[in-house]
Each structure stands twice: as C-alpha cells, then as structure tokens.
Amino acid sequence: MPEINFPFSNKLITWYLQNKRELPWRQTKDPYRIWLSEIILQQTRVAQGLPYYETFVATYPNVYELAKAPEEDVLKLWQGLGYYSRARNLRFTANFVANELNGVFPNTYESLKKLKGVGDYTASAIASICYQEPAAVVDGNVYRVLSRVFGVATPINSTAGIKEFKLLAQTLLDEKQPGVFNQAIMEFGARYCVPQNPACEGCIFSENCMAFTSRTVSELPVKLKKLKVKKRYFNYIVLLSIDHKTRLNQRLGKGIWQNLYEFPLVETTNEVSEGDLKREPAYRNLSEEIKINSIVKYNDTPIVHKLSHQHLITTFWIVETETLHGTGIAISEIEKFPVPVLIANFLNMFTFQ
DNA sequence: AAACCGGGGTC
DNA sequence: GACCCAGGTTT
C-alpha cells in the first residue's frame, strides 16, 4: 500500500467540478436511470453509449416499462452496442425489480450486487451515486489513474491487483461525497490521465505522480498478456425465394450473439470454394430441405469482422430457391429482427429484389 | 485463474 | 496491429 501524503481527493474533486461534462445521467439520482446508464457504459465509451441511453430512456421511462418489453425489443434497441448479455440481463433485472421488489431498486452495495448483470463496479457506482454509500468504484480509468499516481505496478487483471486497487480506491474515497469522488476519478481518467500520451506537464498531480516523476507513465498500468485471437470461417447462406422470402435463424445456446438473428450459417475450418461448401453437411441439410436454383458468392474477398477475441472471416452466398412457404420470413420484415453488426452491414450493402 | 463476451476509437 | 473502453459471468 503506497503512502498518501497529499490531498488526492481534494485536488481530484476540485478538478472535476471545473472540468466535468454535462451528461444526462448526471442530472438525476433516479436509481433506474443510473443503473441503466451504468450497464450501457460497461466496457463502452461515453460517446458510443450516449445515444443508446437516450433511446432507452425515451422508450422505457421507468423500470415497469422496461420490464414489460419483450427481450427481442430490448435486443433490437441494443443492436450495435455489443456484449448482448448486458441487454438480456437488463431486461431480466428490470423484470425482477418490477415484479419482486415492487419497482424499488435495492439501496445498498451488497443488495445491488445480487442483481443479474451488476458486479462490483456497478453496485459501487449505484450505491455511491444514488445512496451516498461509501463504496469506491474501480474501472479501467481508476486502475490507470491510481497505478500511475501511486506507482503501483501490480497487474490490474490479477487477483492481487484487483484486491490492491480496490483497497487503495476505498482508502482514498471521500466518504462525505462518494458519488462525486467516484465520478471525479473516472472523469479524470477518461479525459486527462488517458491511456496514451497524457499531458503530464500540466497535470494537477504532476508533483505527486510516481509515474511522471520516474518517467514510467507509458508503462503503467501493468496488464497481463492478451489471449490470441481465434479465426473462424463463416459462410452465410442468404436465401432468396421466388415468393420474396429469406430465412433468419436465432442463435441459441452458448457463444457469441446469443438470441440474435443471422442467416443460415455454415461454419468451416477454412475458406471454402463453392464446391467445398456444397459438400458441407450443414449446407447439404439445407439443400435437402429446400430446392435450390442457383448459388453465387456475394463478396469476392472475405469480410473480416473483428471481435475482441475472434476474427470472423465471412463470405455471403446468395442462394435462389423455390418457395419457402412458412419456413421463411418476408424480406420486408427483416429489419425488425435484432442482428449483429456483421449482418446489419450486409443488409445495408445488399439490395433484395 | 482463465476464458468468454462486441463493437468502435485511437495511435 | 495493439490497446483500450464508466465490466460481468461462466467454466
């Protein structure tokens, strides 16, 4: 534990009050809105999450409205934001609060943390902002600011690091205004003590910052290795029937994009030719069920869709078929389904006829 | 403890 | 290409 011999909290909060952004969730202490904003902002930049927050508040002004919504509607509004388990848990927890808790959110760190989708960070954020409970938040910004100012080189994604930084943040916390302190340290990390090339010369902590005085700013925080990205080969079968239908399947079970929709997928271990594709069992099952008239590759070079830990090397195949009867969906209905960005991008490029 | 879960911004 | 973002859950 580093020694603290300067007024960290006072300096930080003074900076915050002079430099904070006016954000919609800073205008309220309504736990529903604070909770909603915190879920949206998990692993998500303010600029990216802001329009989603506005849409959700407008569509679901309170927890009852959100609780009533079908999961598919929530996923549709969430489309493009990523980490879709957040949306599924959001709806689940809204339902729980509305039906089991009479619409009243838990008001302590411990009870908030029991909610699905609410972990240490989010429980601390809601408890401190809405209920003035002295619970320190530790997000990516906090790791960065504290590791630099106090020269802590413990890896932030190790068990020891998680404990050490939580304790340090809790020690520094201004217990008289925990919500302000928490937002201040995050704002400072997001806007001043940024990951790359921070303006250390003019920093309020330049005299006290261990990283700055020892010229190790670019080496902190320390983070343990990254895992290797896996390559997967996706072949999407875009059915076009003579009765102007296509088919979307819902992704069920484990894995990415759970409960979202996509075209029938043939996943292979390599990039495949048309001949290879036709020999794939998944494709053969499809062709046994549906009479196929023609097949043509849509994109000549594969589209590489990059996720944090997977590269999806994707080819779209346009397949004309006879009637799909009840097993297809009308082309005009397609925009109603929540789809991953990979599919949404294709739909924007491709014009159905 | 390690793996898994998205999409976008930045350098 | 590497790193990161107002993290959490599952294995």
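A base nitrogen of DNA strand B lies 3.3 Å from an N or O atom in the side chain of arginine 45. Another base nitrogen contact of DNA strand B, at 3.3 Å, is to a polar backbone atom of leucine 81, and one at 2.4 Å is to an N or O atom in the side chain of serine 308. This is a predicted model, in which local features need pLDDT of at least 70 and side-chain atom pairs pLDDT 80 or more, while totals for chains, interfaces and linings use all residues. Side-chain values use heavy atoms, without hydrogens and water.

DNA strand B is surrounded by 23 residues, the closest being Thr159, Gly255, Trp257, His305 and Ser308; a residue is near the strand if one of its heavy atoms lies within 4 Å of it. By class, eight of these residues are nonpolar, 13 polar and two charged (Ala, Val, Leu, Ile, Met, Phe, Trp, Tyr, Cys and Pro count as nonpolar, Asp, Glu, Lys and Arg as charged, the others, Gly among them, as polar).

Arginine 247 sits in the loop between strand 2 (245-246) and strand 3 (249-250) (strands are DSSP E runs of at least two residues, numbered from the N terminus). Arginine 247 counts as buried because its relative accessibility is 10%, the limit being under 20% relative accessible area with a 1.4 Å probe and protein chains only. Its side chain makes polar contacts of 2.8 Å with the side chains of glutamate 289 and threonine 327 (N or O atoms within 3.5 Å, one able to donate a hydrogen and the other to accept it; residues adjacent in sequence count only if both atoms are side-chain atoms).

How values were computed: Residues are numbered from 1 along each chain as its sequence is written. Chains are lettered from A and ligands numbered from 1 in the order in which they are written. Helices (H or I, at least four residues) and strands (E, at least two) are DSSP runs, numbered from the N terminus. Buried means under 20% relative accessible area, exposed over 50%, partly exposed in between (1.4 Å probe, protein chains only).
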